[in-house]
Amino acid sequence: MEVMDKTEKEQMQKNVEEFARLQNYMILAEKDSATYKAMKGRYIELKVILTASGINLTELDIIKE
């Protein structure tokens with residue numbers, strides 16, 4: 001079993017916090033706006049990164065797209 005170092009833990013925490021914050025902004029934006037579409041691209045990137053890192057997004061993902 002591989003142990004995460006401090007830098008990896010900090011990066012994972014940063015990604016989780018960004019994912020949560022980004023979703024809050026997405027909720028405020030109109031779904032058909034350019035702003036929402038730009039945020040959705042980052043949302044998908046973060047979702048892939050977190051999933052690949054073994055983070056269970058069941059509770060964290062409020063957008064669910």
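In this briefing, a contact means that heavy atoms lie within 4.5 Å. The structure is a predicted model, in which local features need pLDDT of at least 70 and side-chain atom pairs count only at pLDDT 80 or more, while totals for chains, interfaces and linings use all residues. Residues are numbered from 1 along each chain as its sequence is written, and side-chain values use heavy atoms, with hydrogens and water left out. The protein chain contains two helices and zero strands; helices (H or I, at least four residues) and strands (E, at least two) are DSSP runs, numbered from the N terminus.

**Overall form**

- The C-alpha trace of the protein chain spans about 45 × 20 × 15 Å along its principal axes.
- Of the 65 residues in the protein chain, 23% are buried, where buried means under 20% relative accessible area, exposed over 50%, and partly exposed in between (1.4 Å probe, protein chains only).
- Carbon and sulfur atoms account for 57% of the accessible surface of the protein chain, which comes to about 4,900 Å²; accessible areas come from the Shrake-Rupley method with a 1.4 Å probe, and for residues only the protein chains shown count as cover.
- Among contacts between residues at least 6 apart in sequence, 53% join residues at least 24 apart.
- The protein chain carries 10 positive and 12 negative side chains, and the centres of the two sets lie 2 Å apart. Lys and Arg count as positive and Asp and Glu as negative, with His and the chain ends not counted; the place of a charge is taken as NZ of Lys, CZ of Arg, CG of Asp or CD of Glu.

**The nonpolar core**

- The largest nonpolar core has eleven residues: Phe19, Leu22, Met26, Ala29, Tyr36, Met39, Tyr43, Leu46, Leu50, Leu57 and Ile63. Helix H1 (6-28) and helix H2 (34-52) each supply at least two residues of this core, and H2 gives the largest share, five residues.
- Such a core is a set of buried Ala, Val, Leu, Ile, Met, Phe, Trp, Tyr and Cys residues joined through side-chain atoms within 4.5 Å.
- In soluble globular proteins, nonpolar side chains tend to be buried together.
- Leu22, in helix H1, counts as buried because its relative accessibility is 9%. Beyond its neighbours within four places in sequence, Leu22 is in contact with Met39, Arg42, Tyr43 and Leu46.
- The C-alpha atoms of Leu22 and Met39 are separated by 7.1 Å, although the two are 17 residues apart along the chain.
- Leu50 is in contact with Met12, Asn15, Val16, Phe19, Ile55 and Leu57, leaving aside neighbours within four places in sequence.

**Buried polar residues**

- Asp61 is found in the segment after H2 and counts as buried because its relative accessibility is 5%.
- The side chains of Asp61 and Tyr43 make a polar contact (2.8 Å), that is, a pair of N or O atoms within 3.5 Å; within protein, one must be able to donate a hydrogen and the other to accept it, and residues adjacent in sequence count only if both atoms are side-chain atoms.
- A polar atom of the Asp61 side chain lies 3.3 Å from the backbone nitrogen of Ile63.
- Not counting residues up to four places away in sequence, Asp61 touches Phe19, Gln23, Tyr43 and Lys47.
- Gln23 lies in helix H1 and is buried, with a relative accessible area of 1%. Apart from neighbours within four places in sequence, Gln23 is in contact with Tyr43, Leu60, Asp61, Ile62 and Ile63.

- Lys64 is found in the segment after H2 and is exposed, with a relative accessible area of 56%.
- Although not a glycine, Lys64 has a positive phi of about 55 degrees.
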